[in-house]
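Walk through this model with the structure open beside the text.

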Amino acid sequence: MKKQLSLVLEPEIAFDQDNFVNKVKDILQVSTTEEAHVRAIKRSIDARGRQVKVNVEVEAFINEAPTSMIEFTKDYPNVSNAPQAIIVGAGPAGIFAALRLIELGVKPILIERGKDVRTRRRDLAAINKDHYVNPESNYCFGEGGAGTYSDGKLYTRSKKRGDIRRILEIFVAHGATEEILVDAHPHIGTNKLPKIVAELRESIKNAGGEVHFETKVTDFILEQNTLKGVVLGDGREIKGIGVILATGHSARDIFELCQHRNIYIEAKPFAMGVRIEHPQSLIDSLQYHRKERGQYLPAASYSLVAQTYFKGVQRGVFSFCMCPGGFIVPAATAPGELVVNGMSPSRRDSKFANSGMVVAVNDIDLEPYKEYGALAGLQLQKEQEQRACQMMNGTQVAPAQLVGDFLQQKVSKELLETSYQPGLSSSDMLDVLFPHIGKPLQDGIKQFGQKMKGYGTNLGQIIGIESRTSSPVRIPRDKESLEHVIVKRLYPCGEGAGYAGGIMSAAMDGERCAEQLVTRYAPNSHYH
Ligand code: FAD
């Protein structure tokens, strides 16, 4: 017999497997002679009241075997001899596009400039320890894209429940824990992602797809507004029935290539600012209304938004990609740039809470960059990153300032301990940041400090530059067919093209592009 119920539980019951199972058995009055398999199928924390509660939807199988949590099976057809399509970029968008092409009977040729997940690790160590940024292999480039050594938060604002569930199930089938199907804010963690990404790659290869690492696309084969294929760094040409361009928001050379080859692109709104780091214990006490979070509750997170004005123009300031119990990492993709981002391990057990704290870039900020056309925002972003790096003598040491000092415009005498490995240097962040970023940031953080006691004080520090929140460029496509508005057989995809903002939305966009490509250019390949 299968039973379902909704419960509101104390954290020590909801998050302790034995306590949880015993509680459910008690409620259902399961006798000692009966066998019961109890599991949570949805779980969310409600920290609005003084007492933190956990809402749990439960499934119990009494005297019967539990069904599988996932419907998805890794039952991929062999596509070795099928027509081939090209995918540029092995981030979440590219990988999920490849798997979907396979399901629909098309062979993916996945081309990635960076290295496989394991080899890539050494280049990350080099950035952290030697301040050396390899422009082909870093926190953004390499197998799994920016999603591999990321935080691995798997939530999205998308309301497409079926599509979200599908992506989560594919992750589970490739080694992620079933918890990601349960938690309202699923999270994999940077320590677990590389193995899952490698499993996804194996599925592509086992089905007859091709995956090429350390292979960079440097040109397009364009014939009368139709994309026939791509040219690689070594001059080789690869042709296919279509090209899914999933190169991410940091592939500046691809945006430049589009501009150079007259492939229509547009400037797009984005945001820039800093990372803000506090002790996790402060955030826990603020969010859970208790001194310590205890052993059951996860590290607390927050999400903040404020409106500010600078030179008469309204500017949103907001927290972005908050990483409870995490680390700040150097995420530049070329020497001479300084970019920070955040990540956390699956246990979220570092003593630091960090979050992006960014300001929307407005059209008037792009005025001085008009000559760059669609690349105006990209140029502004680049100049801010280079300015910060120059001020740090070309190293990956990050400029930083205590939050209270920043609000009072005082350079900090000393900084706090940090999770950022390359180190910090006390700086006047209003000098480092462009005024249209620095000033609104000050106003925004002041407002957040009024809502969260201690947030706007010297208990925290800001660390620059968080500049890669989203792509400053859009590669426009048709709403229905997802094909580029002018160039046929080109499918701009994922975050770089401006159609995703995170792992889940990029993965879902990859699947959609694959489906549209097959519908239009390989309709007979469908496996139904
Ligand atoms: P990308 O992941 O950027 O992948 C693009 C790929 O294309 C790269 O591997 C790149 O090497 C390759 N490429 C570029 N140019 C070429 C070329 N010319 N030839 C061949 N290959 C090329 N998102 C979340 O949802 N949750 C998080 O917790 C989270 N944390 C993050 C933490 C960090 C440190 C970072 C850096 C990002 C984080 N993100 C997070 C953002 C997330 O990783 C991205 O939104 C997502 O990876 C975008 O996917 P994508 O496939 O569109 O592009």
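Helix 3 and helix 5 pack with their axes 12 Å apart, at an angle of about 95°. Axes here are lines fitted to C-alpha atoms, for helices over the stretch in contact, and angles run from 0 to 180 degrees between N-to-C directions. Helices (H or I, at least four residues) and strands (E, at least two) are DSSP runs, numbered from the N terminus. Helix 3 and helix 5 are therefore roughly perpendicular to each other; that label covers 65 to 115 degrees, with under 35 roughly parallel, over 145 roughly antiparallel and the rest oblique. Helix 3 brings Phe96, Leu99, Arg100 and Glu103 to the contact, and helix 5 brings Arg166, Ile167, Ile170 and Phe171. Contact means heavy atoms within 4.5 Å. By class, these residues are five nonpolar, no polar and three charged. Nonpolar covers Ala, Val, Leu, Ile, Met, Phe, Trp, Tyr, Cys and Pro; charged covers Asp, Glu, Lys and Arg; the others, Gly among them, are polar.

The model is predicted: local features need pLDDT of at least 70, side-chain atom pairs count only at pLDDT 80 or more, and totals for chains, interfaces and linings use all residues. Residues are numbered from 1 along each chain as its sequence is written, and side-chain values use heavy atoms, with hydrogens and water left out.

Helix 5 (residues 161–173) also meets helix 16 (residues 503–521): their axes come within 10 Å and cross at roughly 100°. This pair, too, is therefore roughly perpendicular. Helix 5 contributes Asp163, Ile164, Arg166, Ile167, Leu168, Ile170 and Phe171; helix 16 contributes Ile503, Met504, Ala507, Met508 and Glu511. The tally is nine nonpolar, no polar and three charged.

Now turn to the ligand. Its shell holds 37 residues, the closest being Glu112, Ala146, Lys153, Glu495 and Ile503. A residue belongs if one of its heavy atoms lies within 4 Å. Helix 3 (92–103), strand 16 (340–343), helix 15 (494–497) and helix 16 each supply at least two shell residues. The shell has 17 nonpolar, 14 polar and six charged residues.

Which polar contacts (N or O pairs within 3.5 Å) does the ligand make? A polar side-chain atom of glutamate 495 lies 2.4 Å from a ligand oxygen. Polar backbone atoms of alanine 93 and glycine 152 lie 2.9 Å and 3.1 Å from a ligand oxygen. Taken alone the ligand exposes 1,000 Å², and the protein buries 96% of that. Areas come from the Shrake-Rupley method with a 1.4 Å probe.

Two backbone details remain. The peptide bond from glycine 464 to isoleucine 465 is cis, with omega near 5°. Isoleucine 465 sits in strand 20 (residues 461–466). Asparagine 262 is not a glycine, yet has a positive phi of about 60°. Asparagine 262 lies in the loop between helix 8 (252–260) and strand 11 (266–267).

Terms used. A polar contact is a pair of N or O atoms within 3.5 Å; within protein, one must be able to donate a hydrogen and the other to accept it, and residues adjacent in sequence count only if both atoms are side-chain atoms.
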